[in-house]
Amino acid sequence: MQSYYERILRDSEKRVEYLLYSQILDTDSQDYGAVVISNRYVEPKSTLNAVAEGIALYLNEKSQYYHQLKLEESIKRGLNYARRMQRENGLFDLIDCNFYSAPDTAFCIKGLIPVYRLLVKANALQEVRELLYQIIVDGAKGMLEGGFHTPNHRWAIASMLLTVYNMTGEDSFKIEAKKYLNEGIDCNAYGEYAERSSGGYNVINNGALITISEELNDPQYLEYVKRNLQMMLAYIEPDGSVFTNNSTRQDKGRVVYPSNYFYHYLYMGSKLGIGEFLKMAAFIFKGILDRGDMAPSCLSYLMLNEDLRHVELGEKEELASYRRYFDESGVVRVRNKDTSYSLVADSNDFLFFQQGNIRVAFKLSASYFATRAFKAMELKDTGDGFKMNYSSNGWYYRPFDEAPPTTDWWQMDHDKRELIRSKDLNIQIDVKEVAGGIDLVIKADGCDRLPYSLEMAVINGDTVENNGFACQAKSEQYVIAKSGDVLIKNGIQSISIGPAFGAHQFVEGKNDAALRDRNAFYLYFTDFTESERIIHIRGFKGLKVGI
């Protein structure tokens with residue numbers, strides 16, 4: 001495998017080339033020195049990230065940009081732009097949503113700290129070093145009076161305040177950081193953070209907690225990172241992507257690869273002597289090479305931590321099969337080579353089945369009074385699979401016994417009305433593990449004659465077919481299959497689901513039903529309560545006999 005340090009260095013050079021050719025050079029512009037990002041606007045954060053990478057390359061003897069005057073001038077322009085954009089209280093804006101933002105200031109400063117330390121170590125670029133110091137310290141002063149929105153913001157702010165405390169010795173920074181840390185770290189026994197963001201904010205949390213541990217010289221904070229990285233070993237899909245469908249943030253359902261976990265697995269594996277983490281680092285980096293992706297932006301950290309530059313990772317290994325039930329999170333993750341399935345409690349999408357890169361998300365829609373879809377209230381391990389239960393009830397108001405004091409509907413006290421309860425709707429779904437996949441047993445009873453649909457959102461399927469039809473799996477289109485096994489194919493990868501059933505065509509749902517994924521093709525099986533259906537779901541490579 002190619003040296004990860006060499007590849008990270010070369011990809012950093014590619015990113016800095018973008019800095020050099022995308023920087024605003026019009027001296028009459030208020031944005032002089034800013035880097036234009038892909039959606040054609042500028043902001044301090046993206047400019048500072050580019051400048052930080054430029055500083056690392058300027059100081060790296062193996063870089064083509066080592067001590068390059070053109071890059072030095074670009075760095076100064078970028079820093080002066082950021083300094084002009086820094087608010088009077090030291091904070092930066094994230095111009096698409098957050099202004100005078102302490103957490104976004106923390107994110108801005110995070111990339112500057114390692115290159116500032118590299119400049120101090122090299123005793124280089126005094127003007128740049130002094131400007132960095134001003135931006136960092138003033139930003140920390142602004143964070144003293146700032147606040148946050150989301151759980152991960154706390155650790156981003158605390159980590160930077162502790163860092164600046166160690167730079168300056170000013171007690172106020174440490175005192176404020178301790179206020180955040182006193183809330184306790186939002187990481188459960190399995191390693192899942194509150195936002196459940198495997199495709200995004202896990203990385204933010206892990207990086208911040210590593211920094212907190214280093215700045216406080218307190219290894220206890222690494223235990224949270226260790227737990228999260230152990231959990232993530234069971235969150236890798238057969239195509240090498242990350243399971244994101246349990247996230248509460250914007251990465252939910254997105255295809256994300258674990259590239260940004262590379263440094264954390266490398267750091268923790270080396271520091272704690274965890275061979276499994278180093279193998280995961282090798283797996284991640286081999287995936288980057290195979291996909292032709294850019295290496296993660298961690299050059300400055302590797303330059304500061306020279307021992308990490310050439311850690312022996314070993315050969316990339318296929319991830320082992322696993323079966324994990326994270327009961328605190330209500331998530332099941334099961335993988336066997338190229339096939340995986342996931343269950344998520346209290347979610348419209350209760351099941352995800354994947355073969356290679358074909359992914360199918362399952363939802364059982366049943367419009368029963370105010371409810372719209374099955375959500376597992378109980379998720380129980382049965383030994384050979386899992387059991388999920390759901391119950392719903394509807395009601396009607398009765399008229400008041402006496403005339404209310406107002407005729408305004410919205411001013412009436414409806415809590416005082418008598419309610420007439422309907423029958424319960426009971427849905428039980430059993431997942432039974434079998435060779436090559438799972439069997440799904442759906443029992444729906446209580447209220448009869450209620451139409452329901454098993455909705456299957458297909459991602460990365462090329463064709464969908466059975467003995468009665470064949471079509472391309474184009475996004476935003478759907479088919480209702482009435483009989484036989486349905487085969488979803490992409491190259492040599494296939495998923496078989498059946499036997500199908502199509503008792504009705506009511507699949508649009510009510511007007512507030514969950515929207516369809518615009519990137520998915522939809523397959524439907526439909527029936528009425530009371531009924532019991534058994535569906536065989538298999539993943540395999542190659543052709544299936546009979547289809």
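## The hairpin of β6 and β7

Strands β6 and β7 form a hairpin with two residues between them, and Gly356 in the turn has a positive phi of about 60°. Strands here are DSSP runs (E) of at least two residues, helices are runs (H or I) of at least four residues, and both are numbered from the N terminus. The model is a predicted one, in which local features need pLDDT of at least 70 and side-chain atom pairs count only at pLDDT 80 or more, while totals for chains, interfaces and linings use all residues. Residues are numbered from 1 along each chain as its sequence is written, and side-chain values use heavy atoms, with hydrogens and water left out.

Strand β7 covers residues 358-368, and its antiparallel pairing with β6 extends over six bridges. Two strands are said to pair if DSSP finds at least two bridges between them. Across this pairing, Phe362 in β7 stands opposite Leu351.

## The other neighbour of β6

Strand β5 (residues 339-344) runs antiparallel to β6 and is joined to it by five bridges. Within that pairing, Leu343 has Leu351 in β6 as its bridge partner. These two strands also form a hairpin, with four residues between them. In its turn, Asp346 has a positive phi of about 55°.

Strand β6 spans residues 349-355, and six of its seven residues are buried, so the strand is largely enclosed by the rest of the structure. Buried means under 20% relative accessible area, exposed means over 50%, and partly exposed lies in between (1.4 Å probe, protein chains only).

## Two nonpolar cores

A nonpolar core is a set of buried Ala, Val, Leu, Ile, Met, Phe, Trp, Tyr and Cys residues joined through side-chain atoms within 4.5 Å. The largest such core has 117 residues, and the members that touch the most others are Met143 and Tyr265. Helix α4 (residues 102-122) gives the most to this core, with eleven residues. A second, separate core holds 49 residues, among them Leu351 and Val464.

Which residues does Met143 touch, not counting those up to four places away in sequence? They are Leu91, Ala102, Ala106, Ile109, Ile157, Met160, Leu161 and Glu176. Contact here means heavy atoms within 4.5 Å.

## A buried aspartate

Asp93 lies in strand β1, residues 92-94. With a relative accessibility of 10%, Asp93 counts as buried. Its side chain makes a polar contact of 2.6 Å with the side chain of Arg87. A polar contact is a pair of N or O atoms within 3.5 Å; within protein, one must be able to donate a hydrogen and the other to accept it, and residues adjacent in sequence count only if both atoms are side-chain atoms. A polar atom of the Asp93 side chain also lies 2.8 Å from the backbone nitrogen of Tyr100.

## The nine-stranded sheet

Nine strands make up an open sheet with antiparallel pairing, in the order β9-β10-β11-β12-β20-β18-β17-β14-β15. Strands β9 (378-381) and β15 (470-472) stand at the edges with a single partner strand each, so one side of each has no neighbour in the sheet.

Inside this order, β17 (residues 486-490) and β18 (residues 493-498) pair in the antiparallel sense over five bridges. Lys489 has Ser494 in β18 as its bridge partner.

## Helix α8

Helix α8 (residues 201-216) is mostly covered, with 13 of its 16 residues buried. The residue that follows α8 is Asn217, whose phi is positive, near 50°.
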